[in-house]
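Me: I am new to this structure and would like a short tour. Could you show it to me, please?

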Amino acid sequence: MFNHSLGQTVTPYKVAIRERITREMLEDVRPMIVQSQLRRLARRMAYTVDKDVETTISAGATTANTFSAAGTTITYTGSSVTLAGTIGVNDITQAKYLIEASNLIADSFLLNPLQLNDLSRLPQFASQDIFGKSVYAQGLGWEKGETAEIAGLKLYVTPVVSVGNAYILSTGANLSAAY
């Protein structure tokens, strides 16, 4: 979590990846192959930048604002269920508390597809009672379109986030709109 009062700074730097395209390639090889190489290069570059962002977020998280997820969830019946090695509803609410205690509004949830798979098994996030309609299409899995928000947090699901890590973040919004 970035906290303005801690005085943390981010130092910008340049990132570059190149692909050598020779005159012979342009003359002898079909332009579609060169375009394909450039598209792959763009994906590699985007992954590199995204991974650097995840590394910066991870490095900026202070020890006081990190914890190991217990995987505990309170079910509809009020009983507590713990699934070891997963994220539970109690973990999400604890992470939101850590941000909100600094007068910021938690608004983003970055997680790996594996963690989304774990969360989608919890009735709080897959029940027709909550969504008003099934979030699954018959025989197709998840409905098409944007994944629903979880606890008011916009989901960003990406393999860039390392398995075993998840981040609940604030983009700086706060109740006083002071900064």
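**Overall layout**

Reply: The secondary structure of the protein chain comprises six helices and seven strands. Please note that this is a predicted model.

Me: What pattern does the chain follow along the sequence?

Reply: Read along the sequence, the protein chain runs α-α-β-β-α-β-α-α-α-β-β-β-β.

Me: And what share of the residues is buried?

Reply: Of the 179 residues in the protein chain, 28% are buried. The accessible surface of the chain comes to about 11900 Å², and carbon and sulfur atoms account for 56% of that surface.

Me: Let us turn to single residues. Where is Thr72?

Reply: Thr72 is in strand 1, which covers residues 72-74.

Me: Is it buried or exposed?

Reply: Thr72 counts as buried because its relative accessibility is 15%, and the cut-off for buried is under 20%.

Me: Which residues does Thr72 touch?

Reply: Leaving aside neighbours within four places in sequence, Thr72 is in contact with Ser80, Val81, Thr82, Gly88, Val89, Asn90 and Asp91. With Thr82 there is also a polar contact of 3.1 Å between the two side chains.

Me: Val89 and Asp91 came up there. Which residues of helix 3 are buried?

Reply: Val89 and Asp91 are among them, together with Ile92, Ala95, Lys96, Leu98 and Ile99.

Me: Why would residues three or four places apart point the same way?

Reply: An α-helix has 3.6 residues a turn, so residues at that spacing point the same way.

Me: How many residues does helix 3 have, and what is its reach?

Reply: Helix 3 has 12 residues, 89-100, and reaches 16 Å from its first C-alpha to its last, close to the 16 Å expected at 1.5 Å a residue.

Me: Changing topic: where is Gln115, and is it buried or exposed?

Reply: Gln115 lies in helix 4, residues 113-120. Gln115 counts as buried, since its relative accessibility is 7%. Apart from neighbours within four places in sequence, Gln115 is in contact with Ile87, Val163, Gly164 and Asn165.

Me: Which residues form the nonpolar patch on the surface?

Reply: Ile21, Leu26 and Leu38 form that patch, with about 250 Å² of accessible area together. Leu26 belongs to helix 1, residues 23-28.

Me: Why does Leu26 count as exposed?

Reply: Leu26 is exposed because its relative accessible area is 54%, and exposed means over 50%.

Key. Residues are numbered from 1 along each chain as its sequence is written. This is a predicted model: local features need pLDDT of at least 70, side-chain atom pairs count only at pLDDT 80 or more; totals for chains, interfaces and linings use all residues. Side-chain values use heavy atoms; hydrogens and water are left out. Helices (H or I, at least four residues) and strands (E, at least two) are DSSP runs, numbered from the N terminus. Buried means under 20% relative accessible area, exposed over 50%, partly exposed in between (1.4 Å probe, protein chains only). A polar contact is a pair of N or O atoms within 3.5 Å; within protein, one must be able to donate a hydrogen and the other to accept it, and residues adjacent in sequence count only if both atoms are side-chain atoms. Contact means heavy atoms within 4.5 Å. Patches are made of residues with over 30% relative accessible area and no salt bridge: like charges are joined within 9 Å, nonpolar side chains (Val, Leu, Ile, Met, Phe, Trp, Tyr) within 5 Å. Accessible areas come from the Shrake-Rupley method with a 1.4 Å probe; for residues, only the protein chains shown count as cover. A salt bridge is a side-chain nitrogen of Lys or Arg within 4 Å of a carboxyl oxygen of Asp or Glu. The expected span of a helix is 1.5 Å times one less than its number of residues.
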